[in-house]
Amino acid sequence: MKKEIIGYVGSGEFTREDAGKLTGINLAFGELHRDGSVTCNGCKEKIDLIPQIRQWNGDLRIILSMVQADRDAFTVCCATEEMREKAAAALVEACVKYDLDGVDLDWEYPCVPSNGSAVSPDDKHNFTLFCAQIRKALDALGGKKHYLTIAAGADVYYVNCTELPELMEYLDYINVMTYDLKCGFHALAGHHTALFSNVGDVFRNSCAQALALFEAHGVSADRLNMGAAFYSRKWVDLKENGNHGLLELCPKGGGYGPDYGILVEDYIDKNGYTCYWDEEAQAPYLFNGSTFLSYDDPRSLKAKAEYVKEKGYMGIFYWEHKCDSTRTLLDTLYKELA
């Protein structure tokens with residue numbers, strides 16, 4: 001069975017060849033405001049390109065991914081029946097206006113006050129009610145199928161802060177964000193999007209572990225997409241620990257590193273950086289004696305694709321399309337999954 005290949009697409013080039021290799025794109029991003037209104041300032045460039053994209057690939061699913069414009073927008077819009085109806089109506093209006101195939105909610109932290117969000121414990125149930133209202137409004141459009149999906153944090157907090165079995169009554173599928181598994185929250189240099197966990201990692205998480213977690217909480221494998229990273233994470237001011245910086249404590253968390261296209265041009269076995277392969281994690285990394293870089297490459301994506309097929313998952317999605325100017329990573333996914 002053909003697997004999904006879904007890309008987050010924001011600014012940057014998007015071509016006929018790209019459209020032909022993807023099954024879906026998530027436009028990044030539309031903005032949900034605390035008054036229930038919706039704007040699309042972040043993805044206007046690609047919205048204007050939709051008629052052309054439809055000509056290139058009439059089967060391509062084009063979904064609007066929503067983030068919050070205000071730090072409490074999701075919490076406020078979920079909180080009451082009035083706000084849920086207002087926000088759902090605005091989302092459906094955007095679908096009609098821009099010829100979209102559905103809505104994706106990128107609420108990474110319901111109930112969790114991370115990244116400056118203003119949240120409530122009531123988010124857990126209210127999120128279910130919000131998705132139910134959006135589903136109702138999308139179905140009322142009639143005609144072609146309209147999708148409702150979410151991007152979900154790939155850890156225990158997310159399955160505990162949502163009602164996954166109930167949500168799946170209204171969602172078509174979940175994109176599990178199996179990247180940033182090591183990030184600014186972690187002062188331990190490690191793989192941010194590895195297929196498997198390292199035995200010696202005290203903060204274990206991986207693509208395989210995260211997807212299994214969602215299955216254990218009631219989501220069937222064929223409605224789960226694994227995340228891939230077209231960018232890197234970096235840890236600095238490290239010392240050689242006998243394992244080229246891997247699993248070394250760092251003075252601060254992992255920031256964003258270069259995009260894959262830049263890694264190829266300036267970093268992979270260049271300018272003092274050596275590329276290493278972690279057989280256990282099925283992941284590459286770079287180290288120059290003080291800076292550690294974690295990323296996906298064709299070899300790790302091939303391993304992810306094989307795992308997705310073996311376990312019956314829906315497919316692979318990635319963040320973000322513009323990060324790989326070489327198109328090597330998309331070509332790999334297409335070769336392995338199409």
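The expected span of a helix is 1.5 Å times one less than its number of residues, and the exercises below apply to a predicted model.

**Exercise 1.** Determine how the reach of helix α6 relates to the span expected at 1.5 Å a residue, and list which of its residues are buried.

*Solution.* Begin with the extent of the element: α6 covers residues 123-139, which amounts to 17 residues. Next, take the distance from its first C-alpha to its last, which is 24 Å and close to the 24 Å expected. Finally, turn to accessibility, where the buried residues of α6 are D123, N126, F127, T128, F130, C131, Q133, I134, R135, A137 and L138.

**Exercise 2.** Describe how the axes of helix α5 and α6 are arranged, and identify the residues that meet.

*Solution.* The axes of α5 (residues 81-98) and α6 come within 9 Å and cross at roughly 45°; the two helices are therefore oblique to each other. As for handedness, α5 passes α6 in a right-handed crossing. At the contact, α5 contributes R84, E85, A87, A88, L91, V92 and C95, which meet N126, L129, F130, Q133, I134, A137 and L138 of α6. Among these α6 residues, N126, F130, Q133, I134, A137 and L138 are also buried.

Terms used
Residues are numbered from 1 along each chain as its sequence is written. This is a predicted model: local features need pLDDT of at least 70, side-chain atom pairs count only at pLDDT 80 or more; totals for chains, interfaces and linings use all residues. Side-chain values use heavy atoms; hydrogens and water are left out. Helices (H or I, at least four residues) and strands (E, at least two) are DSSP runs, numbered from the N terminus. Buried means under 20% relative accessible area, exposed over 50%, partly exposed in between (1.4 Å probe, protein chains only). Axes are lines fitted to C-alpha atoms, for helices over the stretch in contact, and angles run from 0 to 180 degrees between N-to-C directions. Angles under 35 degrees count as roughly parallel, over 145 as roughly antiparallel, 65 to 115 as roughly perpendicular and the rest as oblique. A crossing is left-handed if the near helix is turned anticlockwise from the far one by less than a right angle, and right-handed if clockwise. Contact means heavy atoms within 4.5 Å.
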